[in-house]
Amino acid sequence: MEACHSSQTSNVTSYGVTTVAIISLEVFAGMWINAFIICVLCITWVKKKTLNSNEKILLLLGCSRFCYLCFSWIYDFVSNIFPYCLLVHPILQLLQGSYSFFNSSNLWVSAFLCVFYCIKIANFRNMFFVCLKVKIDRMVPWVLLGSVIFSLIIGILVYNTIDKAICKTFNFTCQEKLWRATNGIEEHFFPIYFLTGFLHTTAFMAVIFSALFLLFSLWRHKCMMQKNSMKDLSMDAHIRAMKSVLSFLVMYSINFMFLILTLIYSLKNQNHVIFLSCLIQRAFPGVHSLILIFSNPKMEKTLLRILSCVKCKPCIR
C-alpha cells in the first residue's frame, strides 16, 4: 500500500513538473510582452504628461494581463507541485479571488478596446452613435474605472464563495478524506461557473457586434468611395481596426471554446483536456498583446529596435 501511494505521488509530481514547465514558458513570454507595453506607455506618459484614450486602455489592459498571468502561474505552480498547500487558509481563496479579479478586468478591458475601435472608426449617421463618438474620449476613464470596480466585486464574490465552501466541506483531520472534500467543494462552484460563462459570453457578444459594425461600415465606405472614384485615409483606418478586432475575435472564439471545455471537464477530472485548455488560455494574453504591439507603429518600432539591438554584436559586447 505504501509503495503504491509513493508511486502515485511520484507520477503526480512528474506530471505537475511537466505541466508547470510548459505553462511557465507561455506565461513568462506573455508577461514580458505585456511588461513591454506597460513600460512604453509609462515612458510616453512621463514624457507627454498625458495619454490619449487608446493608450489609457492599452495601459490598463497590459497591467491586468501582466497580473493575470502572474497569479495564474502562481496558482498553476502551487496546485501542481504543492497541492496540499491550497488547503492552508486562505491561500486558495486569495489565489482564486485575485485570479478572478484580474481575469475579469482583462476580459472587460479587451472587449471595451474592440468597442472603442468600433465607435472611433465606424461611420454611422445614427444620433446615438454620433453622440457616443463625440463623448467616447470623456467616457473612457469612467468605463475603465467601472470595469475595475466590477472586476473587484467579482473577485470578492469568488473569494467568499470558495471560503464558505471550504468552511462547510473541510471538516476533517484525516488526509484520506481529501478527495471527497475536494469533490464536495465542486458543488459550491456552480455559481462561479455560471458567472464565468455569463461574463465571457457577454464580452464575446460585444466583440462580435463590434466586428460586424466595423465590417458593415468598411463595406459601405468602400462602396461610397468606388462610386465617387475617390480615395480616403479612413479606409486605411478601417482596415487596421478590422485586423485588430478580427484577430481578437478569432483568438477570443478559440479561448471561449476552451473555456467551456474547461468548465465541463473540470467536473469530470479529465486532466488532459484541462491541461490543453489551460495552455490556450495562458497563451491568449501574450499572443493578443503581441498583435496589438504590431498594430501600433510606435510600439512596433520600439520593439524592433530592441530586438535589433539584442542581435547586434557590438551591443552584446
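Is Phe 77 buried, partly exposed or exposed, and at what relative accessibility? Phe 77 counts as partly exposed because its relative accessibility is 28%, where buried means under 20% relative accessible area, exposed over 50%, and partly exposed in between (1.4 Å probe, protein chains only). The structure is a predicted model, in which local features need pLDDT of at least 70 and side-chain atom pairs count only at pLDDT 80 or more, while totals for chains, interfaces and linings use all residues. Residues are numbered from 1 along each chain as its sequence is written, and side-chain values use heavy atoms, with hydrogens and water left out.

The secondary structure of the chain consists of 10 helices and zero strands, with helices (H or I, at least four residues) and strands (E, at least two) taken as DSSP runs numbered from the N terminus. The order of elements from the N terminus is accordingly α-α-α-α-α-α-α-α-α-α. Of the 317 residues in the chain, 42% are buried.

Helix α2 (residues 53-81) packs against helix α3 (residues 91-121) at an angle of about 150°, and the axes are 8 Å apart. Axes are lines fitted to C-alpha atoms, for helices over the stretch in contact, and angles run from 0 to 180 degrees between N-to-C directions. The two helices, α2 and α3, are therefore roughly antiparallel; angles under 35 degrees count as roughly parallel, over 145 as roughly antiparallel, 65 to 115 as roughly perpendicular and the rest as oblique. The contact of α2 with α3 comprises 18 nonpolar residues, 10 polar and one charged. In this division Ala, Val, Leu, Ile, Met, Phe, Trp, Tyr, Cys and Pro count as nonpolar, Asp, Glu, Lys and Arg as charged, and the others, Gly among them, as polar. Asn 54 is located in helix α2 and is buried, with a relative accessible area of 19%. Its C-alpha atom is separated by 7.8 Å from that of Leu 113, a residue 59 positions away along the chain.

Rings of Phe, Tyr and Trp (its six-membered ring) pair if their centres lie within 6.5 Å; planes under 30 degrees apart count as stacked, over 60 as edge-to-face and the rest as tilted. Phe 71 is partly exposed at 24% relative accessibility, whereas Phe 102 is buried at 16%. Phe 77 and Phe 82 form an edge-to-face pair, at 5.9 Å centre to centre and 65° between the planes. Phe 82 is partly exposed, with a relative accessible area of 44%. Ring pairs also join Phe 28, Trp 73, Phe 77 and Phe 82 into a cluster.

Lys 49 lies in the loop between α1 (2-48) and α2, and is exposed, with a relative accessible area of 67%. Most residues other than glycine have a negative phi. Lys 49, although not a glycine, has a positive phi of about 65°.

Ser 253 is found in helix α7 (residues 233-265) and is partly exposed, with a relative accessible area of 28%. Ser 253 and Ile 208 are 45 residues apart in sequence, and their C-alpha atoms are 9.6 Å apart in space.
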